[in-house]
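Subject: Structure handover

Hi,

Here is the structure I promised to pass on. Please open it alongside this note. My findings on the aromatic residues follow below.

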Amino acid sequence: MLIKLRRRFVAISMSIICAVLVFFYVFASTVLFVTMTMDMQSVLMKFSSSSDIDMLPQIGEGDVDDSLFALHSGNVCVVDVKELGKIAILDFSRANMDEAILSEAVTKVLKTGNDFGHINELNLFFSKTDISYGSRIAFADSTQYFEYLKVILVDGTILIVLASLFLWCIMRFLATMCLKPVEKAWEQQKNFIADASHELKTPLTVILTNSGILKSHKDDVINDRIQWVDSTYEEATHMKELVDKLLLLAKTENMSKKNMFTDVDLSELSMQLALQYEPVAFEQGVMLYTDIDKNIRLNGDSVALNQIIHILLDNAIKYAGNEGEVTLSLKKRHSYSLKRNTGYIYLSTRNTGEPIPEEDIPHLFERFYRSDKARTSGSGYGLGLSICKNLASLHNADISVSSDKENGTVFTVKFRMQ
């Protein structure tokens, strides 16, 4: 699909670019042809309008630009045509034409009745001016004129082809670069669907199996099959938790930054959640400590901030290990600036326990990612940190993680003070 999209993008772009190039090429060629023809007409008129043979323009003496194609190689001839139809050659020395060709050329000029034009059969331009006893006609060989025009057209065509190939390479490169985010999002969506299907498959299989067992023992008392009922209820509860987290993840990806932003006492909120998690930590044999500065306030969504702290504390306690320790910290760091209240607010959790493998750290915030790679064991679905990252981004905050045996695992959310 993405390959077809890239090809279509390149094809449409190149069609537009080629159409523009061809238009300007035709336009430039037309302007060049008209300009050269008008120059030829201007030169020949100087010859044909001279009243006396001694006053004819001299090539190379400033009267006529000898770089013009009309005068190249001196192929210019001026003749007088008297009323009786006789031809008087005034300047035959400049022309490599015999009188027979000139006679034929004059005959064709007189038949056309035009003052300027081109005789295709003889490759001659002409300019005719009426004089007292007849007409004066100047002829110029057009062979080199059209050869030069042909060279320009051929070179222009080659240039257009080369430019099109070059632009095609550029457009293909740009299309590849532009579609990389789309390709990444597409791949993430495929992985997300596969992971969600995998997570839902296990509880659905258990529920269907338990339902089949209960259905095959219709006459049994429910107390005799209570284990299957409990198992079904447990798996249905897990499915509900997963669906709720999926809905929350979708919600966080579409939330507006200024939806419900208010002034939040982050210190009080952090302390409240720490108190709520003390029983949970105690049950798991984990000591929960706090290092929270007072009166730290932030303009944000209180529900989203609550969820961030909840996810970080839940993960920290879960992986602190038996007789482990968890510390919830909230600090404010000012920066030197002329503005007031500038600096950062750091919300972090630190827990003991096994450190996270270094190769897994870049993937921790991906949906459904768990460092143990166990999809069917343990609690959690690998969605919490992804939700946490989206909620942090909602507040223009950065979230980072470090993990080693000496310092434990530390998750830090860095908020910018406003």
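Start with one aromatic cluster, formed by Phe116, Phe125, Tyr145 and Phe146. Keep in mind that this is a predicted model.

Now the wider picture. Searching the whole structure turns up eight aromatic pairs. One of them joins Phe125 and Tyr145. Their ring centres are 5.0 Å apart and their planes meet at 85 degrees, so this pair is edge-to-face; the cut-off for that class is over 60 degrees.

Where do Phe125 and Tyr145 lie? Phe125 is in strand 4 (residues 124-131), while Tyr145 is in helix 3 (residues 143-216). The pair therefore ties together parts that are 20 residues apart in sequence.

Are these two residues buried or exposed? Phe125 has 4% relative accessibility, so it counts as buried. Tyr145 has 1%, so Tyr145 counts as buried too. The limit for buried is under 20%.

Tyr145 also pairs with Phe146. Here the ring centres are 5.0 Å apart and the planes are at 90 degrees, so this pair is edge-to-face as well. Phe146 has 32% relative accessibility and therefore counts as partly exposed.

One last item concerns a charge and a ring. Lys414 places its charged end over the ring of Tyr344. The distance to the ring centre is 4.2 Å.

Best wishes

Terms used. Residues numbered from 1 in each chain as written. Predicted model: local features only at pLDDT ≥ 70, side-chain atom pairs only at ≥ 80, totals over all residues. Heavy atoms only, no water. Phe/Tyr/Trp six-rings, centres within 6.5 Å; stacked < 30°, edge-to-face > 60°. Helix = DSSP H or I, 4+ residues; strand = E, 2+ residues; numbered from the N terminus. Buried < 20%, exposed > 50% of the residue type's maximum accessible area, 1.4 Å probe, protein only. Lys NZ or Arg CZ within 6 Å of the ring centre and 35° of its normal.
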